[in-house]
Amino acid sequence: MPVGEIVDRLVTVQGGHEAELSPLDIRVCDESSPDIAAVRVVCEEHKPDCVIFDYVQHTGDSTSDNRYRELSLFIRGFHDLMREFNCAGVLLSQLNRVAESEPPTLTSLSECGVLENESSAVILMHRLMDNPDAKEVPLMLNVAKNRHGARGTCTLLFKPEEMKFIEQL
């Protein structure tokens with residue numbers, strides 16, 4: 001899907017929330033391995049308030065001899081772009097397979113060294129119950145790194161039918 005098209009299937013998947021989503025300017029950059037130049041184009045053309053990049057391991061050449069350096073340069077470039085365009089940036093990352101059964105830690109991130117070094121904040125989510133039919137799914141949210149604030153955990157309740165997270169007090 002080219003940059004700039006509204007994602008109709010996203011509205012359909014949301015199950016009855018078309019009215020809430022229709023005023024949003026949702027755009028998808030569907031390149032298989034986008035580089036920082038592709039992110040810059042999106043920022044220049046659309047002036048977003050927030051850029052969500054899913055997922056950071058798709059950047060660059062995964063067979064490169066210096067993967068750490070490539071990923072580090074991308075993350076720094078992304079961070080600089082977000083500052084330049086005064087918008088929030090979120091990089092999503094894959095977890096190592098080992099982390100599936102336990103709450104994740106910083107070392108659970110794929111290519112964790114570079115992600116930990118270059119990130120301003122790292123927030124990890126863990127499903128506390130694995131029931132695909134549940135109407136509400138408890139999650140643990142762990143702010144594992146935060147250069148500019150507090151770290152800690154809280155419990156959220158995810159309602160899949162509404163695509164909504166609710167903080168548990």
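**Labels and their cut-offs**

Colleague: Why does R83 count as exposed?

Modeller: R83 has a relative accessibility of 56%, and the label exposed is given over 50%, while buried means under 20% and partly exposed lies in between (1.4 Å probe, protein chains only). Since 56% is over the cut-off, R83 is therefore called exposed. Please keep in mind that this is a predicted model, in which local features need pLDDT of at least 70 and side-chain atom pairs count only at pLDDT 80 or more, whereas totals for chains, interfaces and linings use all residues. Residues are numbered from 1 along each chain as its sequence is written, and side-chain values use heavy atoms, with hydrogens and water left out.

Colleague: What makes D80 and R83 a salt bridge?

Modeller: A salt bridge requires a side-chain nitrogen of Lys or Arg within 4 Å of a carboxyl oxygen of Asp or Glu, and for D80 and R83 the N to O distance is 3.4 Å, so the pair qualifies. The two residues are three apart in helix 4, which separates them by about one helical turn; a helix here is a DSSP run of H or I with at least four residues, a strand is a run of E with at least two, and both are numbered from the N terminus. D80, with a relative accessible area of 42%, is partly exposed.

Colleague: Why is the salt bridge of R76 and E118 said to tie together parts that lie apart in sequence?

Modeller: The side chains of R76 and E118 meet at 3.0 Å, N to O, and because R76 lies in helix 4 while E118 lies in helix 5 (residues 112–118), the pair ties together parts that are 42 residues apart in sequence. At 45% relative accessibility R76 counts as partly exposed, whereas E118, at 16%, counts as buried. Seven salt bridges are found in the whole structure.

Colleague: How do you know that K145 has no salt bridge?

Modeller: For K145, the nearest side chain of opposite charge is E116, at 6.1 Å, where Lys and Arg count as positive, Asp and Glu as negative, and His and the chain ends are not counted. K145 is buried and lies in strand 4 (residues 137–146). Its side chain does, however, reach the backbone oxygen of E116 at 2.3 Å.

Colleague: Why is the aromatic pair of F53 and F74 called tilted?

Modeller: The structure holds four aromatic pairs, and in this one the ring centres are 5.0 Å apart and the planes stand at 50°. Rings of Phe, Tyr and Trp (its six-membered ring) pair if their centres lie within 6.5 Å, and planes under 30 degrees apart count as stacked, over 60 as edge-to-face and the rest as tilted, so an angle of 50° gives a tilted pair. The pair links F53 in strand 1 (residues 50–54) with F74 in helix 4 (residues 67–84), 21 residues apart.

Colleague: And what makes F53 and F74 buried?

Modeller: F53 has a relative accessible area of 8% and F74 a relative accessibility of 6%, so each is buried. F53 also pairs with F78, edge-to-face, at 6.4 Å centre to centre and 70° between the planes. Together, F53, F74 and F78 form one aromatic cluster.

Definitions and conventions:
Polar contact = N/O pair within 3.5 Å; in protein donor to acceptor, adjacent residues only side chain to side chain.
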